Amino acid sequence: MKIDILSLFPEMFEGFLKTSIISRAIESGVVSVEIHDFREYAENKHKKVDDYPYGGGQGMVLQCQPVIDCLKAIQTKESLTILMCPTGQQFKQAVAAKLSRCSHLIIICGHYEGYDERIRDYCDMELSIGDYVLTGGELGSMVVSDAVIRLLDGAITQESHQDDSFSNGLLEFPQYTRPMVYDEKSVPDVLLSGHHENIRRWRLYQSLKKTWERRPDLLENRVLDKEEAALLEKIKNNVDL
């Protein structure tokens, strides 16, 4: 996969691209990431990329010319162009999975008060990472890139993300490691039993319980199978396994 990110602040990505899983994925050739400073495409003498909005109003608006010219220089028939925007579609795990199957992503990071509306005509989708406004789209583009890259073959083992929260519509079950007992708190006996079916059932129960307690909205439209329905009924009635 190739990811191109358009930003006015390329320096913000230095640590992100040189750390941990992302760095290893780049070094191993799983993904290539390039940051483009679209200020370099500004045609005016002072490389200005923003201006006052027509009709008046507060703040400055990103001009379409530098962004679109930068896009035209890197877009191909395989490109999927994403505009990071607080009014965009909410970014979720299912979206990350869909994007991970693309061969070329282009992500545009906005700044200032907003975009010239004509920029949207050159984009395939708009994404938001939450119901809040940031000073720019750089952090959002890192969130999207991180979530997508870790799903690529070779970035991490497939088993490492199969049970992630939201991967199956539920929050992830609790995890434990050594020591077996710490500060009088013990690892649940079922995880030490070696009984794989009991462990699977316990983990499903815990995922459902955590989702019911913390994100019941995720269960509203979920079609429960027979086992999930029975376990959820136990949870609602405070019945342990």
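User: Which residues is Ile82 in contact with, leaving aside its neighbours within four places in sequence?

Analyst: This is a predicted model, in which local features need pLDDT of at least 70, side-chain atom pairs count only at pLDDT 80 or more, and totals for chains, interfaces and linings use all residues. Residues are numbered from 1 along each chain as its sequence is written, and side-chain values use heavy atoms, with hydrogens and water left out. Contact means heavy atoms within 4.5 Å. With neighbours within four places in sequence set aside, the contacts of Ile82 are Leu99, Leu105, Ile106, Ile107, Ile108, Met125 and Leu127.

User: Which residues of the largest nonpolar core touch the most other members?

Analyst: In soluble globular proteins, nonpolar side chains tend to be buried together. A nonpolar core is a set of buried Ala, Val, Leu, Ile, Met, Phe, Trp, Tyr and Cys residues joined through side-chain atoms within 4.5 Å; buried means under 20% relative accessible area, exposed over 50%, and partly exposed in between (1.4 Å probe, protein chains only). The largest core has 30 residues, and those that touch the most other members are Ile3, Ile82, Phe91, Leu99, Leu127 and Val144.

User: Which element gives the most to this core?

Analyst: Helices (H or I, at least four residues) and strands (E, at least two) are DSSP runs, numbered from the N terminus. Two or more residues of the core come from each of S1, H1, helix H2 (20-27), strand S5 (79-90), helix H4 (93-99), strand S6 (104-108), strand S8 (125-128) and helix H5 (138-149). The most, with five residues, comes from H5.

User: How many residues does the other core have?

Analyst: Another core lies apart from the largest one. Its members include Cys64, Val67, Leu83 and Cys123, and its size is 19 residues.

User: Is Ser145 buried or exposed?

Analyst: Ser145 lies in helix H5. Neighbours within four places in sequence aside, Ser145 is in contact with Ile3, Ile5, Phe16 and Ile107. Because the relative accessible area of Ser145 is 3%, this residue is buried.

User: What distance separates the C-alpha atoms of Ile21 and Val61?

Analyst: Ile21 is found in helix H2 and is partly exposed, with a relative accessible area of 26%. Not counting residues up to four places away in sequence, Ile21 touches Ala155 and Ile156. Val61 is 40 residues from Ile21 along the chain, and the separation of their C-alpha atoms is 35 Å.

User: What accessible area does the patch of Met12, Tyr132, Leu134 and Leu139 have together?

Analyst: Met12 is placed in the loop between strand S1 (2-7) and helix H1 (14-17), and counts as partly exposed at 37% relative accessibility. Patches are made of residues with over 30% relative accessible area and no salt bridge, like charges being joined within 9 Å and nonpolar side chains (Val, Leu, Ile, Met, Phe, Trp, Tyr) within 5 Å. Accessible areas come from the Shrake-Rupley method with a 1.4 Å probe, and for residues only the protein chains shown count as cover. For this nonpolar surface patch, the area is about 360 Å².

User: How many salt bridges does the structure hold?

Analyst: A salt bridge is a side-chain nitrogen of Lys or Arg within 4 Å of a carboxyl oxygen of Asp or Glu. One of them joins Arg118 and Asp116 (2.7 Å, N to O). The number that the structure holds is 11.

User: Which residues are linked with Glu227 in a network of salt bridges?

Analyst: Glu227 forms a salt bridge with Arg200, with the closest N and O atoms 2.7 Å apart. The side chains of Arg201 and Glu227 also meet in a salt bridge (3.3 Å, N to O). Arg201 lies in helix H7 and Glu227 in helix H9, so this pair ties together parts that are 26 residues apart in sequence. The residues linked with Glu227 in the network are Glu197, Arg200 and Arg201.
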